[in-house]
Protein chains: 2
Amino acid sequence: MYICFMYSSELIKGTLKTIVLNLLKDNDKMYGYEITQKVKEMTSEKIQITEGALYPTLHALEKHGDVITEKVYIGKRVRKYYRLTDQGKKTVQERVNELADFMNTMRFLLDLDTSPGNV
Amino acid sequence: MYICFMYSSELIKGTLKTIVLNLLKDNDKMYGYEITQKVKEMTSEKIQITEGALYPTLHALEKHGDVITEKVYIGKRVRKYYRLTDQGKKTVQERVNELADFMNTMRFLLDLDTSPGNV
DNA sequence: TTTCTACACCTAAATTTCTTAGGTATATAT
DNA sequence: ATATATACCTAAGAAATTTAGGTGTAGAAA
């Protein structure tokens, strides 16, 4: 069964940082707009990161030392690329592990283990 | 590998209503304090619902018509039992389905399908 | 008999996180 | 010309939760 609408926003709360960090783990460097498009594409538009949520999050990650930035000019247009620091790579692992563990706990709590592969 | 600390609070955000509703689906009637203890026990203390979060949530569910209440006196002490309404039963299904679908999407997004059973 | 812990309900201010709703500007297609 | 896509950003408000209380009963320990 395919569910083709966005998730209610409450669910996505708390996972944004993890999503962003994990994308950066797999893609070396990315810019903000690219991240929103990539997530939208990978999730069939079920998760759409708003820019109002993304940019403050990216700035917080930079402030925390998990990412560093690099500005690149495409003609006159600016792109700000984000890249994981060594510390950021540790943070990704911690966060992804925690989320994975949390989801296992939730699967148990909600008794969802009967059908794990219904994507 | 066992992880024996509480999840960072951000992760739990947005799942509280679903947890509560699902417990009521399986237990016919429960009171607030009982819910906090049951979740703590079932998750080996990894998820601890605070009362400051729980009671407002229960009141919201009642206001929405998903649960009805019943006061029971144990001696002079009051217990307020919560029970799903018919509408509440529908709400549970919707929310649990959505969360299950969301978790599948997250598993794909974070590439976690390699080890699904490491509880 | 005081005192500590568990039980059992509750609220309210502050915090965090996100949505909504803008603003600025370039590049390209219609 | 105008609309859409690209690309960055901020700030007010909303929503959910944390933190930090308050009230009181019941039972065990000291």
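Contact here means heavy atoms within 4.5 Å of each other. The structure is a predicted model, so local features need pLDDT of at least 70 and side-chain atom pairs count only at pLDDT 80 or more, while totals for chains, interfaces and linings use all residues. Residues are numbered from 1 along each chain as its sequence is written, chains are lettered from A and ligands numbered from 1 in the order in which they are written, and side-chain values use heavy atoms, with hydrogens and water left out.

Y7(B) sits in the segment before α1 (9-12) of chain B; helices (H or I, at least four residues) and strands (E, at least two) are DSSP runs, numbered from the N terminus. Leaving aside neighbours within four places in sequence, Y7(B) touches E98(A), D101(A), F102(A) and T105(A), along with I12(B), K46(B) and I47(B). Is Y7(B) buried or exposed? With a relative accessible area of 3%, Y7(B) is buried (buried is under 20%, exposed over 50% and partly exposed in between, using a 1.4 Å probe and protein chains only). Along the chain, Y7(B) and E45(B) are 38 residues apart, yet their C-alpha atoms are separated by 9.5 Å.

Next come the helices. The axes of α5 (residues 86-109) of chain A and α5 (residues 86-109) of chain B come within 11 Å and cross at roughly 150°; axes are lines fitted to C-alpha atoms, for helices over the stretch in contact, and angles run from 0 to 180 degrees between N-to-C directions. L99(A), M103(A), M106(A) and R107(A) meet L99(B), M103(B), M106(B) and R107(B).

As for sheets, chain A has an open one of three strands in the order β1-β3-β2, with antiparallel pairing (two strands pair if DSSP finds at least two bridges between them). At its edges lie β1 (29-31) and β2 (67-74) of chain A, each pairing on one side only, and the twist averages 35° from one strand to the next. Eight bridges join β2(A) to β3 (residues 77-84) of chain A, and I68(A) has R83(A) as its bridge partner.

In chain B, β1 (residues 29-31) and β3 (residues 77-84) pair in the antiparallel sense over three bridges, with M30(B) opposite Y82(B). Strand β2 (residues 67-74) of chain B pairs with β3(B), also antiparallel, over eight bridges. In their hairpin, which has two residues between the strands, G75(B) takes a positive phi near 65°.
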